[in-house]
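Please keep the coordinates at hand while reading.

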Amino acid sequence: MGFAIGFLIISVATLLSIFTRQYLDHSNTIMIYLLCIVYIASRFGKGPSILASILSVLAFDFFCIPPHYTLQIAGTQSILTFLIMLFIALLITTLTSQVQDQAQMARMREQRSEALHALSQELSLTRGKTNLLHVAIKHIRNLFDAKVIVYLPDISGTLVACSENSAEIQNAEKSTHANASQVFDTKRAIATVVSTPESGKMTVLESLSLDTAWKPSLKADSLFLPLQGNKETFGVLQVTMNNPARTLTHSDFEFIQTLANQTALCMELASLTEQNQEAQLKIEGEQLRNALLSSVSHDLRTPLATITGASSSLLENKNTLKDTDKEELAQVILEESEHMSQLVRNLLEMTKLESGPTNIKKTWQNVEEIIGSALARVERQLGDRRVQISLDDDLPLLAMDEVLMQNVFLNLLENCIKYTPANTPIEIDAKRHDSQVVIRVMDRGKGIRKGEEDSIFTKFYRSQSNAKQQGFGLGLAICKAIVALHGGKISARSRDGGGSIFSIEFPIDRNPPLTEMTEDKNAPLKQADSALPEAARSARIENRQETGS
Amino acid sequence: MNNFDKPSVLVIEDEAPIRRFLKLTLSDHGYSFHEALNAREGLSKIASEQPSLVILDLGLPDMDGIELTREIREWSKVPIIVLSAREQEKDKVLALDAGADDYLTKPFGVQELLARARVAIRHAAKSPPQADSIVTFGQVKIDFGKRLVTFNDTELHLTPNEFKLLAALVRHAGRVITHTQLLREIWGSEYTDETHYLRVYMAQLRRKLETDPAQPRHLITEPGVGYKLKLD
C-alpha cells in the first residue's frame, strides 16, 4: 500500500518536472522530489521511502537531465548531483522514520505505564490472592487481546491451570503444562514459537532477565512467566495471543514481566497480611478459650458445690435438722441453681450472638414494654429495691429484636442488683433526642472505676473492685453485642453523687408505621355493639378524637 | 377428662429427672400421674388414659413436639402445656399456634407449674366468658353485658379496638396468646404481621388499666411470644 502510493506520488512529481523542466532549474526540481520523499517517509515509513528515493533519482535522470529519455549521464557534475540527491533522500528517510519510531515508542510507553498504573490501582483495592489473580488476568487479557492462564500449585505442589474461561483450560495441552512446570521450578521464563515449519518447536530462553537472551528476531506466540515475589513463587502465568498473526516481542515480554511482578508482589503482601491475621486470631482465640475455661470451671463449680453440699445435708441429716434450717438449705439450692441457670443462659446467648446476626428479628417495639418485661423477670431479685422509671411520652416505636433487647435490660438490671447494696434505688429513663432515643439505667453503687469504662464491656472481664463476684463477665459484653446489632451504642460512666450510668443510644433509623388507619370510624362495630349503647358510644366519640389528633 | 374428682396428667418427656420431679410434685398435689417417654407412646396414652392435661416436652427423640401438638389437635381437645427452653421463643409461638394451650420455660418452679396446670384444666372445663359476664382484676372491672370498663369504680373510655383486645385477653385469661392469634382475632388474618398495632394498643390499655404501665401487674408481655392477662 505504502509502496504503491509512494510510486504514485513520485510519478506525479515526475510529470510535474517534465512540464516545468524548461522553466525551472534542476535544483528546484530536486526540491520537489525531496519534498515528496519527506512526505512519504513521514506517512509510510522506511521501505516506501527508500523506494521513492531511488525512483526519484532514476526519474530525475531519465526525464530531466539531457539527453532526455536516456539514463546516460553527461559530465561528472551530474553524477555528483545524483549522488548527493540520493544521499539526502536516504538521510531524510532515516531521520524521519527514526522520529516516527521514537514517537511510537513514547506512545507505547505511555500506554503501558498507564496500563501498569491501572493494574496497580485495582490490585491495591483488591483483597485476597485469588481476587488479585483475577484482576491481573483481566488486565493482561484486555491489553494484549490474549488468552491468559494461571498455573497454581495445589496442596501437593502439582500445578493446576486456572482461568476464568474453562474452555481455555481445556485447550491447554500437555506440552504447555510441562512448560509451566519447568518455569515454576527454574523460575525462568519461556517463550514458545508454534509458527515455525515443525510446528510446536520451542525456543527456550535461558535467562530472560538479561536482555541479550532475547534474540531480536524472535517473535513468540506464547510466553510463560513465573509469578515471582520477593520470597515466594506463586505460580506461572501463560499469555498466548488470540490472533495467530500477531506475536509477542521483547518489549511485550518485558511489559508482561512487569505486570506479573507487580501482581506477585501484591499477592505476597496479601499472603503476609493473611498470615498475620491468622496468627492474631489464633492468639485471641487462645486467650478467650483460657478465659472461658477458667470462668466456667470457677463459676459453675462454686454453685454446684453449694447445691451438692446443701442437698446432701438435707438428705443425710433429715432427722436432726430444724425445719428452719431445712428451709434455708432448700433456699440456697434454689438460689444457686438460678444463678447457674443465668450463667448458662449468658454463655448460650453469647455463642448465639457470635454465630452472626442471622438470628436477629427486628419488629416495632415499645420501649416501656421491653423494660417492663425485663423488670418482671428480675422481680424476685429486686426485693425491696425501688425502681424509678421515667419515660418520655413521645417515644417512638423502635425497630428491635424484642427478646434480645429484653436481655440487654435484663443484664443491665442484674448487673445493678449484683454490684450495688440491696437498699439502693435503680432508675431508668428514656428520652428522645432528634434522631435517637437514649435509654439510661442508673444505680447508686460504687460507680465505674476510672479507666474501666470501656473494658467492662469486654468478654470475661471482671472489674478489679469486684474480683470476688461470681459470673462469667459476659452480661455487659452481651449487651454491647446486641446493641451493636441494632446499630446503637452502649456506654458506662460514673454518676455525680455516686453510682453508675449505663446509657444506650438507639438510632431512630426509620419512621414507625402509622396506626391511626386501623380504627376506621366509619366501619360498623362488630358483634353486639348495638346492644351495648353506652360503652360503644363513648368508644366512638373517643375514637373520633384519636383519629383527629 | 372423665375423671373430675382427681384430674389426671400425662407427661410426655424423655428426660428421666424431669419426669421424676413432675411425678413427685403433681402426685403430691392431687393429680393422678401418667408418663410417656416418646411421642408414639404419648399419642396412644392420650387415647387410652383420656388425661385432663398433657405436659409435652418440645424436644422428644422420635417426633418434633410442634408436629405432635398438631397431630393431637386433630382429634383431641385435651389441654396441652409445652415445656421449652428460654431460647426457643420461635418454638413456643409455633406450639401455641399449633394448638398448645400454654408453655413453661425450663427451668421452672413448682408454683408456676401448678398455676399453669390449674388454668389449663379450668379453661378446658369451662366455656369462654359469656357475653354478659363480669370479670375483675386489680382495680379493673369489666362488664361484658354493658360493655363497661371501670377502674377504681370510675368508668373508662376504651376505643373499639382497645375493647376488642381486652376481650380477647380475657377470653384467654391466665394463658399466653401469640401476636398472630391476637391480630387475627381483632384485625383479621391479613394483619397477622402488623405487630406494631399490638404495641400501640397494649400501651394505651396499660395506661388506662395499670397503676404503673412500666411495671404492669396484669397485662403481661411474654417477649417474643405474645401477651397474657393475669387475673390475680
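Two residues are in contact if their C-beta atoms, placed from the backbone, lie within 7 Å. This is a predicted model, in which local features need pLDDT of at least 70 and side-chain atom pairs count only at pLDDT 80 or more, whereas totals for chains, interfaces and linings use all residues. Residues are numbered from 1 along each chain as its sequence is written, and chains are lettered from A and ligands numbered from 1 in the order in which they are written.

Leaving aside neighbours within four places in sequence, B:Ile55 is in contact with B:Val9, B:Val11, B:Leu22, B:Ile81 and B:Leu83. B:Ile55 also belongs to the largest nonpolar core, which has 60 residues; together with B:Leu53, B:Val54 and B:Val82, B:Ile55 touches the most other members. A nonpolar core is a set of buried Ala, Val, Leu, Ile, Met, Phe, Trp, Tyr and Cys residues joined through C-beta atoms within 7 Å; buried denotes 20 or more other C-beta atoms within 10 Å of a residue's own, exposed 12 or fewer, and partly exposed the range in between. Helix H8 (residues 195-209) of chain B contributes the most to this core, namely seven residues; helices (H or I, at least four residues) and strands (E, at least two) are DSSP runs numbered from the N terminus. Because domain 1 (8-125) and domain 2 (134-229) of chain B both supply residues, the core lies between them; the domain bounds come from an automatic or database domain assignment. A second, separate core of 41 residues includes A:Ile370, A:Leu375, A:Ile504 and A:Phe506.

Chain B also holds an open sheet of five strands in the order E2-E1-E3-E4-E5, with parallel pairing; strands pair if DSSP finds at least two bridges between them. Strands E2 (32-36) and E5 (102-106) of chain B stand at the edges with a single partner strand each, so one side of each lacks a neighbour in the sheet. Within the sheet, strand E3 (residues 53-57) and strand E4 (residues 80-85) of chain B run parallel and are joined by four bridges, with B:Leu56 opposite B:Val82 in E4(B).

In chain A, strand E10 (residues 426-433) pairs with E11(A) in the antiparallel sense over eight bridges, and A:Ile426 has A:Asp443 of E11(A) as its bridge partner. Two residues separate these strands in a hairpin, where A:Asp434 in the turn has a positive phi of about 45°. E11(A) is also joined by seven bridges to the antiparallel strand E13 (residues 500-507) of chain A, and A:Val441 stands opposite A:Phe502 in E13(A).
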